Amino acid sequence: MFDTSLTALEELFRQQAPEMQMERDALMARYTTLHLGGPADLMVHPANRDQLQMVLRAAKKSGVPVTVIGHGSNLLVLDGGIRGLVIRICRGMDSVEVEGETLRCDAGVMMSVVAMAAANNSLGGLTFASGIPGTIGGGVYMNAGAYGGELSQVVTLVEGLDMAGEPFSYTGEEMGFTHRYSRLMEEDKIITRVTMKLHPAKQEDLLAEMVLLNRQRADKQPLTMFSAGSTFKRPVGGYASALVDQCGLKGYTIGGAQVSEKHAGFLLNRGGTAADFMALMAYVQKVVYQKTGFSLEPEVRILGEEVAPQKV
(Lines give C-alpha, C1' and ligand atoms only; values in the text may rest on other atoms or scores of the structure.)
Protein backbone atom coordinates (compact mmCIF):
# COMPACT_ATOMS: atom_id res chain seq x y z
CA MET A 1 0.00 0.00 0.00
CA PHE A 2 2.76 2.41 0.94
CA ASP A 3 5.53 0.87 -1.16
CA THR A 4 5.66 3.65 -3.78
CA SER A 5 5.62 6.39 -1.14
CA LEU A 6 8.26 4.57 0.89
CA THR A 7 10.53 4.31 -2.14
CA ALA A 8 10.16 8.03 -2.75
CA LEU A 9 10.86 8.75 0.93
CA GLU A 10 13.94 6.55 0.90
CA GLU A 11 15.30 8.39 -2.12
CA LEU A 12 14.57 11.78 -0.51
CA PHE A 13 16.34 10.73 2.69
CA ARG A 14 19.38 9.61 0.70
CA GLN A 15 19.53 13.00 -1.00
CA GLN A 16 19.02 15.15 2.11
CA ALA A 17 20.83 13.02 4.72
CA PRO A 18 23.08 10.54 2.88
CA GLU A 19 24.88 9.62 6.11
CA MET A 20 21.67 8.65 7.93
CA GLN A 21 21.33 4.90 8.45
CA MET A 22 18.30 3.34 6.71
CA GLU A 23 17.04 -0.21 6.50
CA ARG A 24 14.30 -1.80 4.39
CA ASP A 25 12.36 -4.74 5.90
CA ALA A 26 14.17 -4.24 9.20
CA LEU A 27 13.52 -7.26 11.41
CA MET A 28 12.12 -5.79 14.63
CA ALA A 29 13.30 -8.78 16.65
CA ARG A 30 16.78 -7.25 16.31
CA TYR A 31 15.62 -4.00 17.89
CA THR A 32 13.73 -5.19 20.98
CA THR A 33 15.01 -6.81 24.16
CA LEU A 34 12.28 -9.44 23.77
CA HIS A 35 13.84 -10.43 20.44
CA LEU A 36 10.37 -10.71 18.91
CA GLY A 37 8.71 -9.02 15.97
CA GLY A 38 8.39 -9.16 12.22
CA PRO A 39 9.77 -6.69 9.65
CA ALA A 40 9.31 -2.93 9.55
CA ASP A 41 8.80 -1.69 5.99
CA LEU A 42 11.44 1.04 6.40
CA MET A 43 13.49 2.02 9.46
CA VAL A 44 15.63 5.14 9.84
CA HIS A 45 18.09 6.08 12.57
CA PRO A 46 18.34 9.89 12.78
CA ALA A 47 21.66 11.09 14.21
CA ASN A 48 20.39 14.50 15.34
CA ARG A 49 17.32 16.70 15.75
CA ASP A 50 17.65 18.24 12.27
CA GLN A 51 17.58 14.84 10.60
CA LEU A 52 14.58 13.83 12.71
CA GLN A 53 12.73 17.01 11.75
CA MET A 54 13.43 16.43 8.07
CA VAL A 55 12.20 12.83 8.31
CA LEU A 56 8.99 13.81 10.12
CA ARG A 57 8.13 16.59 7.67
CA ALA A 58 8.73 14.36 4.66
CA ALA A 59 6.70 11.49 6.14
CA LYS A 60 3.84 13.84 6.99
CA LYS A 61 3.79 15.18 3.44
CA SER A 62 3.82 11.68 1.95
CA GLY A 63 1.06 10.31 4.19
CA VAL A 64 3.16 7.31 5.26
CA PRO A 65 2.34 6.13 8.81
CA VAL A 66 5.13 6.67 11.36
CA THR A 67 6.06 4.65 14.45
CA VAL A 68 8.70 5.89 16.88
CA ILE A 69 10.79 3.60 19.10
CA GLY A 70 13.86 3.87 21.30
CA HIS A 71 16.03 1.03 22.56
CA GLY A 72 13.07 -1.38 22.41
CA SER A 73 13.28 -2.47 26.04
CA ASN A 74 9.54 -2.06 26.69
CA LEU A 75 8.20 -3.23 23.31
CA LEU A 76 6.34 -6.24 22.01
CA VAL A 77 6.24 -6.12 18.21
CA LEU A 78 3.81 -8.57 16.67
CA ASP A 79 4.89 -11.23 14.19
CA GLY A 80 3.55 -9.37 11.14
CA GLY A 81 5.84 -6.42 11.80
CA ILE A 82 5.12 -2.71 11.33
CA ARG A 83 3.81 -1.02 8.21
CA GLY A 84 5.19 2.29 7.04
CA LEU A 85 8.15 4.11 8.56
CA VAL A 86 9.82 3.31 11.89
CA ILE A 87 12.03 6.02 13.43
CA ARG A 88 14.52 4.74 15.99
CA ILE A 89 15.78 7.33 18.48
CA CYS A 90 18.86 5.77 19.99
CA ARG A 91 22.53 5.88 19.06
CA GLY A 92 23.59 9.21 17.60
CA MET A 93 21.14 11.26 19.63
CA ASP A 94 22.98 10.53 22.85
CA SER A 95 24.84 13.59 24.17
CA VAL A 96 24.92 14.45 27.90
CA GLU A 97 25.78 17.87 29.38
CA VAL A 98 26.17 18.82 33.05
CA GLU A 99 26.06 22.41 34.26
CA GLY A 100 26.00 22.88 38.01
CA GLU A 101 23.09 20.81 39.33
CA THR A 102 21.40 20.70 35.91
CA LEU A 103 21.79 17.72 33.56
CA ARG A 104 20.66 17.94 29.92
CA CYS A 105 20.68 14.99 27.56
CA ASP A 106 19.42 13.87 24.18
CA ALA A 107 16.53 11.43 24.13
CA GLY A 108 18.57 8.55 22.71
CA VAL A 109 21.08 8.23 25.54
CA MET A 110 20.69 5.14 27.74
CA MET A 111 19.39 5.71 31.26
CA SER A 112 22.37 3.83 32.70
CA VAL A 113 24.70 6.31 30.96
CA VAL A 114 22.74 9.29 32.31
CA ALA A 115 22.83 7.86 35.84
CA MET A 116 26.59 7.31 35.61
CA ALA A 117 27.17 10.83 34.26
CA ALA A 118 25.25 12.24 37.22
CA ALA A 119 27.23 10.15 39.72
CA ASN A 120 30.55 11.07 38.11
CA ASN A 121 29.62 14.73 38.58
CA SER A 122 28.58 14.15 42.22
CA LEU A 123 24.90 14.66 41.51
CA GLY A 124 22.23 12.58 43.22
CA GLY A 125 18.69 11.73 42.18
CA LEU A 126 19.26 9.18 39.41
CA THR A 127 20.81 6.13 41.06
CA PHE A 128 17.50 4.25 40.68
CA ALA A 129 17.84 4.55 36.88
CA SER A 130 21.26 2.94 36.64
CA GLY A 131 19.87 -0.50 35.85
CA ILE A 132 16.85 0.40 33.74
CA PRO A 133 17.56 -0.90 30.20
CA GLY A 134 16.13 1.89 28.07
CA THR A 135 16.73 5.36 26.69
CA ILE A 136 15.98 8.51 28.66
CA GLY A 137 13.41 9.52 26.03
CA GLY A 138 11.52 6.27 26.42
CA GLY A 139 11.89 6.48 30.18
CA VAL A 140 10.42 9.98 30.38
CA TYR A 141 7.64 8.99 27.95
CA MET A 142 6.39 6.36 30.43
CA ASN A 143 7.80 7.87 33.66
CA ALA A 144 10.13 4.94 34.28
CA GLY A 145 11.26 4.20 37.80
CA ALA A 146 12.57 1.64 40.25
CA TYR A 147 13.34 1.28 43.95
CA GLY A 148 11.13 4.18 44.94
CA GLY A 149 12.51 6.60 42.35
CA GLU A 150 10.83 7.94 39.20
CA LEU A 151 11.99 10.29 36.48
CA SER A 152 9.10 12.61 37.34
CA GLN A 153 11.01 13.49 40.52
CA VAL A 154 13.87 15.12 38.60
CA VAL A 155 12.61 16.14 35.12
CA THR A 156 12.13 19.90 34.74
CA LEU A 157 11.86 20.32 30.96
CA VAL A 158 11.01 18.07 28.02
CA GLU A 159 11.63 19.27 24.46
CA GLY A 160 10.77 17.62 21.19
CA LEU A 161 8.88 17.60 17.91
CA ASP A 162 5.34 16.72 16.93
CA MET A 163 4.66 14.39 14.02
CA ALA A 164 4.68 17.33 11.60
CA GLY A 165 8.18 18.27 12.75
CA GLU A 166 7.06 21.28 14.77
CA PRO A 167 8.83 21.92 18.10
CA PHE A 168 7.20 21.71 21.54
CA SER A 169 8.35 21.98 25.13
CA TYR A 170 6.71 20.99 28.43
CA THR A 171 7.83 21.68 31.96
CA GLY A 172 7.95 18.76 34.35
CA GLU A 173 4.64 19.89 35.83
CA GLU A 174 3.04 20.11 32.38
CA MET A 175 4.02 16.50 31.61
CA GLY A 176 1.19 15.22 33.81
CA PHE A 177 3.32 12.47 35.29
CA THR A 178 1.71 9.67 37.30
CA HIS A 179 2.83 6.08 37.88
CA ARG A 180 4.25 4.81 34.56
CA TYR A 181 2.43 7.56 32.68
CA SER A 182 2.95 10.94 31.04
CA ARG A 183 0.72 13.00 28.80
CA LEU A 184 2.91 12.07 25.81
CA MET A 185 1.45 8.55 25.93
CA GLU A 186 -1.73 10.14 24.54
CA GLU A 187 -0.10 12.68 22.21
CA ASP A 188 1.71 12.28 18.89
CA LYS A 189 4.94 13.91 20.02
CA ILE A 190 8.58 12.79 20.11
CA ILE A 191 11.03 13.68 22.87
CA THR A 192 14.39 14.94 21.63
CA ARG A 193 15.91 16.48 24.78
CA VAL A 194 15.40 16.25 28.55
CA THR A 195 16.53 18.59 31.32
CA MET A 196 16.79 17.41 34.94
CA LYS A 197 17.44 19.14 38.23
CA LEU A 198 19.60 17.04 40.55
CA HIS A 199 21.23 17.64 43.94
CA PRO A 200 24.80 17.50 45.27
CA ALA A 201 25.96 14.18 46.73
CA LYS A 202 29.19 12.30 47.34
CA GLN A 203 30.38 10.46 44.28
CA GLU A 204 31.54 7.42 46.24
CA ASP A 205 28.13 7.12 47.96
CA LEU A 206 26.28 7.33 44.65
CA LEU A 207 28.48 4.72 42.97
CA ALA A 208 28.12 2.40 45.96
CA GLU A 209 24.34 2.76 45.87
CA MET A 210 24.26 1.99 42.15
CA VAL A 211 26.32 -1.15 42.69
CA LEU A 212 23.98 -2.24 45.48
CA LEU A 213 20.81 -1.62 43.47
CA ASN A 214 22.16 -3.40 40.41
CA ARG A 215 23.20 -6.36 42.54
CA GLN A 216 19.70 -6.54 44.00
CA ARG A 217 18.24 -6.34 40.51
CA ALA A 218 20.46 -9.19 39.28
CA ASP A 219 19.51 -11.32 42.29
CA LYS A 220 15.77 -10.87 41.78
CA GLN A 221 15.25 -10.44 38.04
CA PRO A 222 15.97 -12.72 35.04
CA LEU A 223 18.41 -10.29 33.43
CA THR A 224 20.07 -12.93 31.24
CA MET A 225 16.79 -13.88 29.56
CA PHE A 226 14.89 -12.15 26.74
CA SER A 227 12.20 -9.96 28.30
CA ALA A 228 10.64 -6.50 28.20
CA GLY A 229 11.04 -5.97 31.92
CA SER A 230 7.86 -5.90 34.01
CA THR A 231 5.10 -7.05 31.67
CA PHE A 232 2.16 -5.63 33.65
CA LYS A 233 1.52 -2.34 35.42
CA ARG A 234 1.20 -2.29 39.20
CA PRO A 235 -2.55 -2.39 39.94
CA VAL A 236 -4.03 -0.16 42.61
CA GLY A 237 -3.88 -2.04 45.89
CA GLY A 238 -1.56 -4.79 44.74
CA TYR A 239 1.64 -5.82 42.96
CA ALA A 240 1.54 -7.60 39.61
CA SER A 241 4.40 -10.00 40.36
CA ALA A 242 2.92 -10.99 43.74
CA LEU A 243 -0.49 -11.62 42.19
CA VAL A 244 0.95 -13.76 39.39
CA ASP A 245 3.02 -15.71 41.93
CA GLN A 246 0.00 -16.11 44.23
CA CYS A 247 -1.88 -17.72 41.35
CA GLY A 248 0.84 -20.37 40.94
CA LEU A 249 1.86 -19.19 37.48
CA LYS A 250 5.64 -19.09 37.87
CA GLY A 251 7.12 -21.18 35.09
CA TYR A 252 3.83 -21.48 33.19
CA THR A 253 4.55 -21.80 29.48
CA ILE A 254 2.67 -21.32 26.23
CA GLY A 255 4.75 -22.21 23.19
CA GLY A 256 8.05 -20.41 23.55
CA ALA A 257 6.79 -17.86 26.10
CA GLN A 258 7.17 -18.44 29.84
CA VAL A 259 6.39 -16.73 33.13
CA SER A 260 9.79 -16.33 34.76
CA GLU A 261 10.53 -18.78 37.56
CA LYS A 262 12.75 -16.12 39.14
CA HIS A 263 10.39 -13.12 39.04
CA ALA A 264 6.70 -13.66 38.28
CA GLY A 265 6.31 -10.12 36.93
CA PHE A 266 8.55 -10.94 33.97
CA LEU A 267 7.28 -12.86 30.96
CA LEU A 268 10.10 -14.32 28.88
CA ASN A 269 10.73 -15.19 25.25
CA ARG A 270 12.35 -18.61 25.22
CA GLY A 271 12.49 -19.08 21.47
CA GLY A 272 8.83 -18.46 20.70
CA THR A 273 6.78 -15.98 18.74
CA ALA A 274 4.94 -12.77 19.56
CA ALA A 275 1.73 -14.79 19.25
CA ASP A 276 2.99 -17.09 22.04
CA PHE A 277 3.77 -14.06 24.19
CA MET A 278 0.36 -12.48 23.58
CA ALA A 279 -1.37 -15.77 24.43
CA LEU A 280 0.60 -16.05 27.68
CA MET A 281 -0.21 -12.45 28.63
CA ALA A 282 -3.92 -13.10 28.05
CA TYR A 283 -3.83 -16.32 30.06
CA VAL A 284 -2.08 -14.66 33.01
CA GLN A 285 -4.58 -11.79 32.96
CA LYS A 286 -7.52 -14.22 32.91
CA VAL A 287 -6.24 -16.41 35.77
CA VAL A 288 -5.27 -13.45 37.97
CA TYR A 289 -8.67 -11.84 37.48
CA GLN A 290 -10.54 -15.08 38.16
CA LYS A 291 -8.57 -15.86 41.32
CA THR A 292 -7.96 -12.41 42.80
CA GLY A 293 -10.33 -9.93 41.14
CA PHE A 294 -7.41 -7.76 40.00
CA SER A 295 -7.26 -6.69 36.34
CA LEU A 296 -3.69 -6.53 35.08
CA GLU A 297 -2.94 -3.97 32.37
CA PRO A 298 0.08 -4.37 30.08
CA GLU A 299 3.04 -2.16 30.85
CA VAL A 300 4.74 -3.40 27.70
CA ARG A 301 3.89 -1.37 24.57
CA ILE A 302 2.39 -3.53 21.83
CA LEU A 303 3.02 -2.52 18.20
CA GLY A 304 2.49 -3.91 14.73
CA GLU A 305 0.32 -6.44 13.01
CA GLU A 306 -0.26 -10.12 13.65
CA VAL A 307 0.32 -11.06 10.01
CA ALA A 308 2.20 -9.05 7.39
CA PRO A 309 0.45 -8.45 4.04
CA GLN A 310 1.63 -10.50 1.10
CA LYS A 311 3.84 -8.59 -1.31
CA VAL A 312 3.04 -8.89 -4.99
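At what angle do helix 3 and helix 5 pack, and how far apart are their axes? Before you select them, some housekeeping. This is a predicted model, where local features need pLDDT of at least 70 and side-chain atom pairs count only at pLDDT 80 or more, while totals for chains, interfaces and linings use all residues. Residues are numbered from 1 along each chain as its sequence is written, and side-chain values use heavy atoms, with hydrogens and water left out.

**Stop 1: two helices**

Select 111–120 (helix 3) and 203–220 (helix 5): they pack at about 150°, with axes 8 Å apart. The axes are lines fitted to C-alpha atoms over the stretch in contact, with angles from 0 to 180 degrees between N-to-C directions. Helices here are DSSP runs of H or I with at least four residues, strands are E runs of at least two, and numbering starts at the N terminus. The pair is therefore roughly antiparallel, a label for angles over 145 degrees.

Now show side chains. Ala 115, Met 116, Ala 119 and Asn 120 of helix 3 meet Gln 203, Leu 206, Leu 207 and Met 210 of helix 5; contact means heavy atoms within 4.5 Å. Six of these residues are nonpolar, two are polar and none is charged. In this scheme Ala, Val, Leu, Ile, Met, Phe, Trp, Tyr, Cys and Pro are nonpolar, Asp, Glu, Lys and Arg charged, and the others, Gly among them, polar.

Stay on helix 3 and pick its buried residues: Met 111, Val 114, Ala 115, Ala 117, Ala 118 and Ala 119. Buried means under 20% relative accessible area, exposed over 50%, and partly exposed in between (1.4 Å probe, protein chains only). Their packing partners include strand 13 (189–197) and helix 4 (136–141).

**Stop 2: the core**

Next, select Phe 13, Leu 126, Val 140 and Met 196, the residues with the most contacts inside the largest nonpolar core, which has 56 residues. Such a core is a set of buried Ala, Val, Leu, Ile, Met, Phe, Trp, Tyr and Cys residues joined through side-chain atoms within 4.5 Å. Helix 2 (residues 49–62) supplies its largest share, six residues.

**Stop 3: a loop serine**

Jump to Ser 260, in the loop between strand 17 (257–259) and strand 18 (266–269). Is Ser 260 buried or exposed? Buried, at a relative accessible area of 1%. A polar atom of its side chain sits 3.0 Å from the backbone nitrogen of Lys 262.

**Stop 4: a positive phi**

Finish at Asp 25, in strand 1 (residues 21–27). Asp 25 is not a glycine, yet its phi is positive, about 50°.

Note on methods
Angles under 35 degrees count as roughly parallel, over 145 as roughly antiparallel, 65 to 115 as roughly perpendicular and the rest as oblique. A polar contact is a pair of N or O atoms within 3.5 Å; within protein, one must be able to donate a hydrogen and the other to accept it, and residues adjacent in sequence count only if both atoms are side-chain atoms.
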